[in-house]
Amino acid sequence: MGSRNLCAANQLPSVILLPITGAIVEKHHKIKVILLCDFVRLFLVMCLLFCIFHHLSVSILLLFSFLISTAESFRIPAGNALVVQLLDEELLDRGLVLNSLSSTIAQIAGTAAGGMIIRIFSIELAFLIDAVTFIISCVIIFMIRHTEYIDVKTVM
């Protein structure tokens with residue numbers, strides 16, 4: 001029952017929000033959206049880590065999974081739009097495929113690695129590594145030098 005609810009809490013924001021978040025993200029600077037989402041996810045993972053040391057219940061885990069996935073529902077369209085903005089036309093198709101492929105591989109490998117880290121070491125270490133990956137992502141995204149122009153007419 002718990003793993004089924006956790007899977008639902010993790011997937012529900014994507015199913016509900018992804019059709020909407022693309023339109024919302026389109027009106028904002030993609031790098032700022034990505035950074036904000038990664039900082040939110042970092043904060044939530046650190047709060048979850050704090051809860052593990054004090055008292056982690058299934059309901060808290062479900063709530064944090066839902067919130068992290070909600071932030072991810074804004075980051076995904078921002079990341080995809082940023083790839084489109086950064087690549088030249090002749091590289092776009094290949095770049096989008098590689099972006100999707102690398103995201104899928106990272107998700108599968110991350111899930112497997114997380115499971116092994118939890119089994120061999122601890123859940124605390126798994127969440128700590130997760131937090132570090134958000135920090136690394138923020139640093140990498142922050143280093144991207146790209147000027148984006150938002151059409152003011154579409155924002156209002």
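Biologist: How many helices and strands are there in the chain?

Modeller: Helices (H or I, at least four residues) and strands (E, at least two) are DSSP runs, numbered from the N terminus. Here the chain has six helices and zero strands, in the order α-α-α-α-α-α along the sequence. This is a predicted model, where local features need pLDDT of at least 70, side-chain atom pairs count only at pLDDT 80 or more, and totals for chains, interfaces and linings use all residues. Residues are numbered from 1 along each chain as its sequence is written, and side-chain values use heavy atoms, with hydrogens and water left out.

Biologist: Thanks! At what angle do helix α2 and helix α5 pack?

Modeller: Two packed helices are described by the angle between their axes and the distance between the axes. Axes are lines fitted to C-alpha atoms, for helices over the stretch in contact, and angles run from 0 to 180 degrees between N-to-C directions. For α2 (residues 30-54) and α5 (residues 123-142), the angle is about 165° and the axes are 9 Å apart. α2 and α5 are therefore roughly antiparallel (angles over 145 degrees; under 35 is roughly parallel, 65 to 115 roughly perpendicular and the rest oblique).

Biologist: Is the crossing of α2 and α5 left-handed or right-handed?

Modeller: A crossing is left-handed if the near helix is turned anticlockwise from the far one by less than a right angle, and right-handed if clockwise. α2 passes α5 in a left-handed crossing. Their contact has 20 nonpolar, one polar and four charged residues. In this classing, Ala, Val, Leu, Ile, Met, Phe, Trp, Tyr, Cys and Pro are nonpolar, Asp, Glu, Lys and Arg are charged, and the others, Gly among them, are polar.

Biologist: And how do the axes of α2 and α3 cross?

Modeller: They come within 8 Å and cross at roughly 160°, so α2 and α3 are roughly antiparallel. The crossing of α2 past α3 is left-handed, and the contact holds 20 nonpolar, two polar and five charged residues. For α3 and α4, the angle is about 150° with axes 9 Å apart, and α3 passes α4 in a right-handed crossing.

Biologist: Which side chains meet in a salt bridge with R41?

Modeller: Side chains of opposite charge can pair when their charged atoms come close. The cut-off for a salt bridge is a side-chain nitrogen of Lys or Arg within 4 Å of a carboxyl oxygen of Asp or Glu. The whole structure has three salt bridges. In one, R41 meets D38 (2.8 Å, N to O); both lie in α2, three residues apart, about one turn of the helix.

Biologist: Finally, what box do the C-alpha atoms of the chain fill?

Modeller: Taken along the principal axes, that box is roughly 50 × 30 × 25 Å.
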